[in-house]
Amino acid sequence: MVIELLLVGVFIGTMSGFFGIGGGMILVPILLAIGFEIKDAIGISIVQMVFSSVFGSYLNHKKGSLIVGEGIFVGLGGFVGGYIGGAVTEYIPDSVLQFTFFGLLLFALFRLFFSKNHEDDTQTKTLNKGLLFAIGLGIGIFSITLGIGGSIILTPLLVGLLHYPIKKAVSAGLFFVVFSSVAGMISRLSTGTIDFTNGLVVAVASLVGVALGIWLKDHVTSKNHKMALLVLYVFALGMLVKKMWFS
């Protein structure tokens, strides 16, 4: 089991570093497949996300692809949005939230598909801090309701709507996960539902994967990176459809 968890950790870490995602969307189903209960799987995923997002954001910042000042505003918005989502979503029908999110994701993917391949080393995009906070706020509200990682919707919005360089958008997405995963960690610690033993095995292994994923991200063209992102987001869209109509 330990060897399996190490391999899974490296794989998920690579995905996190390359795509700028937390990895829970992929990790939880894998853990369920190898025999973990859902609560343990989610707890392990949260531990992994904290480690991979913090380490990955450090590496991205060191390489100059993460603009921390802007990322903090998105992250704080997501943090606040998560709490608002938890408070107001009980008054809004799930179907309304899901279809709104589905439409937002479709629109973001459409804009990402038709966006130009912005090269990170030739363009620097500075965005309004209030707008970034509002984006994080909205993403936080939806993601906390549907259990979908916020970075999945953040990256195509930054690229497709705000013309953010693709690789910097991926870095911002991973930085967003720092805030959401730490919030999740605090929540889980208060209820004592985290399997730290197995969680740390996956988390430590994921650090190797994160470094590999970021290296790969820095060595592919923005065009190829964009195509890989589109494949991932179509997969995410399929999972959302499954959750909405077939669960």
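**Ten helices: a walk through the model**

The protein chain has 10 helices and zero strands. Helices here are DSSP runs of H or I with at least four residues, strands are E runs of at least two, and the numbering starts at the N terminus. From the N terminus on, the elements read α-α-α-α-α-α-α-α-α-α.

A word on the source. This is a predicted model, where local features need pLDDT of at least 70 and side-chain atom pairs count only at pLDDT 80 or more, while totals for chains, interfaces and linings use all residues. Residues are numbered from 1 along each chain as its sequence is written, and side-chain values use heavy atoms, with hydrogens and water left out.

Now the overall picture. The protein chain has 247 residues, and 51% of them are buried. Buried means under 20% relative accessible area, exposed means over 50%, and partly exposed is in between, with a 1.4 Å probe and protein chains only. The chain exposes about 11,300 Å². Carbon and sulfur atoms supply 71% of that area. Areas come from the Shrake-Rupley method with a 1.4 Å probe, and for residues only the protein chains shown count as cover.

Next, contacts, meaning heavy atoms within 4.5 Å. Take those between residues at least 6 apart in sequence: 85% join residues at least 24 apart.

Let's start at helix H1, residues 2-19. Leu7 sits in this helix. Is Leu7 buried or exposed? Leu7 is exposed, at 60% relative accessible area. Leu7 also belongs to a nonpolar surface patch with Val2, Ile3 and Leu6. Together they have about 390 Å² of accessible area. The patch rule takes residues with over 30% relative accessible area and no salt bridge; like charges are joined within 9 Å, and nonpolar side chains (Val, Leu, Ile, Met, Phe, Trp, Tyr) within 5 Å.

On to helix H2, residues 24-33. Its buried residues include Gly24, Met25, Ile26, Leu27, Val28 and Leu31. After H2 comes Gly35, with a positive phi near 115°.

Helix H4 spans residues 68-88, and Glu70 is in it. Glu70 is buried, at 5% relative accessible area. Which residue has its C-alpha atom 8.4 Å from that of Glu70? That is Asn128, 58 residues away along the chain.

Now helix H7, residues 151-160. How many of its 10 residues are buried? The count is 10 of 10, so H7 is largely enclosed by the rest of the structure. The list runs Ser151, Ile152, Ile153, Leu154, Thr155, Pro156, Leu157, Leu158, Val159 and Gly160. Look at Ser151. Its relative accessibility is 2%. Setting aside neighbours within four places in sequence, Ser151 has contacts that include Gly20, Ile21, Gly22, Gly173, Phe176, Val177 and Tyr233.

Aromatic pairs next. A pair of rings is described by the distance of the centres and the angle of the planes. The rule covers rings of Phe, Tyr and Trp (its six-membered ring) with centres within 6.5 Å; planes under 30 degrees apart are stacked, over 60 edge-to-face, and the rest tilted. That gives two aromatic pairs. One is Phe18 with Phe19, edge-to-face, at 4.9 Å centre to centre and 85° between the planes. Phe18 is buried at 13%, and Phe19 is buried at 9%. Then there is Phe175 with Phe179: their centres are 5.4 Å apart and their planes at 85°, so this pair is edge-to-face. Both residues lie in helix H8, residues 166-191. They are four residues apart, so about one helical turn separates them. Phe175 and Phe179 are both buried.

Last, salt bridges. Side chains of opposite charge can pair when their charged atoms come close. The cut-off is a side-chain nitrogen of Lys or Arg within 4 Å of a carboxyl oxygen of Asp or Glu. The whole structure has two salt bridges. Lys63 meets Asp218 at 3.7 Å, N to O. Lys63 is in helix H3 (residues 38-63) and Asp218 in helix H9 (residues 196-218), so this pair ties together parts 155 residues apart in sequence. Lys217 also bridges to Asp218, with the closest N and O atoms 3.5 Å apart. How accessible are these residues? Lys217 is buried, at 0% relative accessible area. Asp218 is partly exposed, at 30%. Lys63, Lys217 and Asp218 form a linked network of salt bridges.
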